[in-house]
Amino acid sequence: QLQLVESGGGLVQPGGSLRLSCVASEFTSDFYAIGWFRQAPGQAREVVSCISASDGTTYYTDSVKGRFTISRDFAKDTVYLQMNSLKPEDTAVYYCIRAGCPEGLATALAESTDWGQGTQVTVSS
């Protein structure tokens with residue numbers, strides 16, 4: 001089975017930036033559509049962004065539009081989430097999973113059970 005590993009989280013001050021990476025455990029020239037999700041303490045997991053398998057279609061939840069950018073490197077089987085102008089409310093564990101973009105996001109959010117470890121993003125002064 002394809003496994004995805006998140007990395008790049010850390011502690012950053014408000015207004016700072018981080019770049020998260022989502023790396024596939026095996027190479028494919030036709031990468032899966034990938035969604036980024038996050039879960040803050042005391043809150044439900046939510047959609048952040050997604051990128052399609054091949055045509056470059058992207059989606060961003062309203063709260064991150066203009067601040068976050070999702071991209072992919074097919075050669076490295078890696079999807080990135082560049083996060084700029086970070087806010088305390090961005091503090092969460094961030095996860096990447098396979099999800100149709102954007103049509104599969106709701107299903108992935110509701111039904112996925114293999115979220116993995118995620119990567120912690122903490123935005124605090």
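Predicted model: local features only at pLDDT ≥ 70, side-chain atom pairs only at ≥ 80, totals over all residues.

Trainee: How much space lies in the largest pocket, and what classes of residue does its lining have?

Mentor: The space amounts to about 280 Å³. The lining is made up of seven nonpolar, five polar and three charged residues.

Trainee: How many aromatic pairs does a search of the whole structure find?

Mentor: The search finds two aromatic pairs. An aromatic pair is read from the distance between ring centres and the angle between ring planes, with an angle over 60 degrees counting as edge-to-face. Phe37 and Trp115 have ring centres 5.1 Å apart and planes at 75°, so this pair is edge-to-face.

Trainee: Which parts does the pair of Phe37 and Trp115 tie together?

Mentor: Phe37 belongs to strand S4 (residues 34-39), while Trp115 lies in the loop between helix H1 (105-111) and strand S10 (119-123); the pair therefore ties together parts that are 78 residues apart in sequence.

Trainee: Are Phe37 and Trp115 buried or exposed?

Mentor: Burial is read from relative accessible area, and a value under 20% counts as buried. Phe37 has a value of 0%, so Phe37 is buried. Trp115, with 8%, is also buried.

Trainee: What are the distance and the angle in the aromatic pair of Tyr95 and Trp115?

Mentor: For Tyr95 and Trp115 the separation is 5.8 Å centre to centre, with 70° between the planes, and the pair is edge-to-face. Tyr95 is in strand S9 and Trp115 in the loop between H1 and S10, so to speak two distant parts of the chain, 20 residues apart, are linked by this pair. Tyr95 and Trp115 are both buried. Together, Phe37, Tyr95 and Trp115 form one aromatic cluster.

Trainee: Over which rings do the charged ends of Arg45 and Arg98 sit?

Mentor: For such a contact, one looks for a charged end placed over the face of a ring. The charged end of Arg45 sits over the ring of Trp115, at 4.1 Å from the ring centre. Trp115 is also a member of the aromatic cluster with Phe37 and Tyr95. The charged end of Arg98 sits over the ring of Tyr32, at 5.3 Å from the ring centre.

Trainee: Which peptide bond is cis, and what is its omega?

Mentor: Most peptide bonds are trans, and most residues other than glycine have a negative phi. In this model a cis peptide bond joins Cys101 and Pro102, with omega about -5°. Pro102 is in the loop between S9 and H1.

Trainee: Where are Asp77 and Ser85 placed, and what is the phi of Asp77 and of Ser85?

Mentor: Asp77 is in the loop between S7 and S8, and its phi is near 50°, a positive value in a residue other than glycine. Asp77 has 2% relative accessibility and so counts as buried. Ser85 is in the loop between S8 and S9, and its phi is likewise positive, near 50°. At 40% relative accessibility, Ser85 counts as partly exposed.

Trainee: How many residues apart in sequence are Ala24 and Thr78, and how far apart are they in space?

Mentor: One sets separation along the chain beside separation in space. Ala24 and Thr78 are 54 residues apart in sequence, and their C-alpha atoms are 6.4 Å apart. Ala24 is in strand S3 and, at 12% relative accessibility, counts as buried. The C-alpha atoms of Glu89 and Leu105, 16 residues apart along the chain, are separated by 21 Å.

How values were computed. Residues numbered from 1 in each chain as written. Heavy atoms only, no water. 1 Å grid on protein atoms, 1.4 Å probe; cavity = no way out; pocket = protein on both sides within 12 Å on 5 of 7 lines; lining within 4 Å. Points joined across faces, edges and corners; volume = space filled by probe spheres on them. Nonpolar A, V, L, I, M, F, W, Y, C, P; charged D, E, K, R; others polar. Phe/Tyr/Trp six-rings, centres within 6.5 Å; stacked < 30°, edge-to-face > 60°. Helix = DSSP H or I, 4+ residues; strand = E, 2+ residues; numbered from the N terminus. Buried < 20%, exposed > 50% of the residue type's maximum accessible area, 1.4 Å probe, protein only. Lys NZ or Arg CZ within 6 Å of the ring centre and 35° of its normal.
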